Amino acid sequence: MKDKKGLCTGYIDRIYRKNFLMTSSQEPCFMKCVLKDSLFKLPIDTMTPIVMIGAGCGVSPFISYIEEREWLVKNQKEKYGPLELYFGCRKKTADFIYEKKMIRWKDEGLLSGLHLAFSRDQAAKVYVQGLLKGNKKQLYELIKEKGAIVAVCGSLNVGQEVYNAILDVLSEDANPKALLVDMEKNGRYVAEVWN
């Protein structure tokens, strides 16, 4: 199996190799690091539906959403709105690292929907944006009629494709673009994407 590096670990590895291994320097190495608050927040109204769309490691913030909801359900016994998770990765056998948790959450009813896209497991590639378009009616109802929050996390390309898919989902509306812009302004469409 080929050694893979993530965005941050690859960067740190390059700095380390450049400053220590190639120069045998004993001087400290400094990196610029910017931390910012996440845009993702659970809604105050626990009945608000949430549609989570994560590709690859973009699913990580949603794992924490679901874990928090799991704790709340066990400890506070309130009523909660639906949680829909759309997750995509290349190969189920190599990249579906939260498989057991996700399936358990679905089986226990914590997730009202678990929609999976494995792009390299079959001849025709399947992506999360295709799943969104395939569930157009259900998503329109959640977003337009029930006020769902849509949260997206993944690469810039995934973010753009999902944005276009959500526009397609909202196409029943008289002005889907204006609706989506309004959702963004009001924190109902939140995207954390990277290049």
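The following conversation goes through a predicted protein model and the reasons behind the words used for it.

Colleague: What should a new reader know about how this model is treated?

Modeller: The model is predicted, so local features need a pLDDT of at least 70 and side-chain atom pairs count only at pLDDT 80 or more, whereas totals for chains, interfaces and linings use all residues. Residues are numbered from 1 along each chain as its sequence is written, and side-chain values use heavy atoms, with hydrogens and water left out.

Colleague: What is the confidence in the protein, and where is it lowest and highest?

Modeller: With pLDDT being the predictor's confidence in each residue, from 0 to 100, the protein averages 89, and 93% of the residues score at least 70. Confidence is lowest in H1, at a mean of 74, and highest in H8, at 97.

Colleague: What makes up the secondary structure of the protein?

Modeller: There are eight helices and five strands, where helices (H or I, at least four residues) and strands (E, at least two) are DSSP runs numbered from the N terminus. From the N terminus on, the order of the elements is α-β-α-β-α-α-β-α-α-β-α-α-β.

Colleague: Why is aspartate 173 called buried?

Modeller: Buried means under 20% relative accessible area, exposed means over 50%, and partly exposed lies in between, with a 1.4 Å probe and protein chains only. Aspartate 173 has 15% relative accessibility, and therefore counts as buried. This residue lies in the loop between H7 and H8, and buried residues make up 37% of the 195 residues in the protein.

Colleague: How do you know that the side chain of aspartate 173 makes a polar contact with the side chain of lysine 144?

Modeller: A polar contact is a pair of N or O atoms within 3.5 Å; within protein, one must be able to donate a hydrogen and the other to accept it, and residues adjacent in sequence count only if both atoms are side-chain atoms. The side chains of aspartate 173 and lysine 144 make such a contact at 2.9 Å. Taking contact to mean heavy atoms within 4.5 Å, and not counting residues up to four places away in sequence, aspartate 173 touches Tyr140, Lys144 and Leu179.

Colleague: What makes the pair of phenylalanine 40 and tyrosine 65 edge-to-face?

Modeller: The search of the whole structure finds six aromatic pairs. In the pair of phenylalanine 40 and tyrosine 65, the rings are 6.3 Å apart centre to centre, with 85° between the planes.

Colleague: How do you know that the buried residues of H7 line one face of the helix?

Modeller: The buried residues of H7 are Val158, Gly159, Val162, Tyr163, Ala165, Ile166 and Val169. Seen down the axis of H7, they fall within an arc of 165°, so they line one face of the helix; the arc is that of the directions from the helix axis to the C-beta atoms. These residues pack against S1, helix H5 (128-134), H6, S4, H8 and S5.

Colleague: What puts the buried residues of H8 on the same side?

Modeller: In helix H8 (residues 176-185), the buried residues are Pro176, Leu179, Leu180 and Met183. They cover an arc of only 95° around the axis, which puts them on the same side of H8. What covers them includes helix H6 (136-145), strand S4 (149-155), helix H7 (156-169) and strand S5 (189-194).

Colleague: How do you know that the span of H7 agrees with its number of residues?

Modeller: The expected span of a helix is 1.5 Å times one less than its number of residues. The 14 residues of H7 should therefore span 20 Å, and its end C-alpha atoms are 20 Å apart, which agrees.

Technical notes:
Rings of Phe, Tyr and Trp (its six-membered ring) pair if their centres lie within 6.5 Å; planes under 30 degrees apart count as stacked, over 60 as edge-to-face and the rest as tilted.
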